[in-house]
Amino acid sequence: MQATITKLERSQVNQAIKVLGHAFRQDPIFNYLLPDNSTNALLWLLRVGLRYSHSYNHTYTSTTNTGELQGVASWIPPEGSGGSVTRILQAGALILPFKLGISRFSRALSWSWAMEELHKRNMSSKPHWYLSLLGVSPSCQGCGIGSLLIEPILKQAYSDGLPIYLETSTELAVRFYQKHGFKVVWGGELLKGSPYLWAMERVA
């Protein structure tokens, strides 16, 4: 399958959110956060997440020769470690309670805080790249698109001597990342009753 890897353009954001929505439709974590299986709520969560990480200008897309998006990889660079309240608000976080409802928003907020604490414990204060989102359209999965999408930052991190960190919630994804040099640094239930989560790191 032919694919061209480029940085995400502003005009492609809505299309990228749709691709991510299809990619994460059956994801254990999103099903836990949104137990009623709401597509609109999922898209709003992904919209805010993508807009936040994309603000760092390290979001890559894979497109066909007709311009169709196949997948998205969005990264937060070392200088973005720890997050930014301003960037999160600019990404649209304030609208989430209205789009998700208080119950779902509270669960997503608790999850986000727990993820951030896990991130800090695993990576301490050392500079690193963070893979915020990686999603490939179901029709394109198994074709090497995910590998192409993460390749630019794998090369840059290696060149700069920096580690990479991520979390994932499926064994299939764990095996995918292991093929690219990642190792599991933590695994378990992040919150009581939540799906199993793996934290992984790729050292320089």
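Biologist: Which residues does isoleucine 88 touch, not counting residues up to four places away in sequence?

Modeller: This is a predicted model, and contact here means heavy atoms within 4.5 Å. Isoleucine 88 lies in helix α4. Leaving aside residues up to four places away in sequence, the residues that isoleucine 88 touches are Tyr52 and Ala93.

Biologist: Is isoleucine 88 buried or partly exposed?

Modeller: A residue counts as buried under 20% relative accessible area and as exposed over 50%, with partly exposed in between. Isoleucine 88 has 35% relative accessibility, so this residue counts as partly exposed.

Biologist: How far apart in space are isoleucine 88 and valine 48, C-alpha to C-alpha?

Modeller: In sequence, isoleucine 88 and valine 48 are 40 residues apart. In space, the distance between them, C-alpha to C-alpha, is 7.8 Å.

Biologist: Which element gives the most to the lining of the second largest pocket?

Modeller: The second largest pocket has a volume of about 280 Å³. Its lining consists of Arg10, Val13, Arg47, Arg51, Tyr52, His54, Ser55, Arg87, Gln90 and Ala91. Two or more of these residues come from each of α3 (39-54) and α4 (85-90). With four residues, the element that gives the most is α3.

Biologist: How many residues of the lining of the second largest pocket are charged?

Modeller: Arginine is one of the residues that count as charged, and the lining includes Arg10, Arg47, Arg51 and Arg87. The lining also has three nonpolar and three polar residues. The number of charged residues is four.

Biologist: What covers the buried residues of α1?

Modeller: Helix α1 spans residues 13-23, and its buried residues are Val13, Ala16, Ile17, Val19, Leu20 and Gly21. The elements that cover these buried residues include α3, β3 (69-76) and β4 (129-136).

Biologist: In the largest nonpolar core, which residues touch the most other members?

Modeller: A nonpolar core joins buried residues through side-chain atoms within 4.5 Å. The largest such core has 39 residues, and those that touch the most other members are Leu45, Leu50 and Trp111.

Biologist: Which element gives the most to this core?

Modeller: Two or more residues of the core come from each of α1, α2 (28-33), α3, β3, α5 (96-100), α6 (102-123), β4 and β7 (196-202). With seven residues, the element that gives the most is α3.

Biologist: Which residues does leucine 45 touch, not counting residues up to four places away in sequence?

Modeller: Leucine 45 belongs to the largest nonpolar core. Beyond four places away in sequence, the residues that leucine 45 touches are Phe30, Leu33, Leu34, Leu96, Leu100 and Ala108.

Biologist: Which residues line the largest cavity?

Modeller: A search of the whole structure finds one cavity of 30 Å³ or more. The largest cavity has a volume of about 30 Å³. Its lining divides into four nonpolar, three polar and one charged. The lining residues are Phe24, Arg25, Phe30, Asn31, Leu34, Asn37, Ser38 and Leu42.

Biologist: What is the phi of asparagine 37?

Modeller: Most residues other than glycine have a negative phi. Asparagine 37, in the loop between α2 and α3, has a positive phi. The value is near 60°.

Biologist: Where does asparagine 57 lie?

Modeller: Asparagine 57 also has a positive phi, near 65°. Its relative accessible area is 43%, so asparagine 57 is partly exposed. Its place is the loop between α3 and β2 (59-63).

Biologist: Is glutamate 79 buried or exposed?

Modeller: Glutamate 79 is in the loop between β3 and α4. Its C-alpha atom is separated by 9.3 Å from that of tyrosine 56, 23 residues apart along the chain. The cut-off for this class is over 50% relative accessible area. Glutamate 79 has 63% relative accessibility and therefore counts as exposed.

Terms used
Residues numbered from 1 in each chain as written. Predicted model: local features only at pLDDT ≥ 70, side-chain atom pairs only at ≥ 80, totals over all residues. Heavy atoms only, no water. 1 Å grid on protein atoms, 1.4 Å probe; cavity = no way out; pocket = protein on both sides within 12 Å on 5 of 7 lines; lining within 4 Å. Points joined across faces, edges and corners; volume = space filled by probe spheres on them. Buried < 20%, exposed > 50% of the residue type's maximum accessible area, 1.4 Å probe, protein only.
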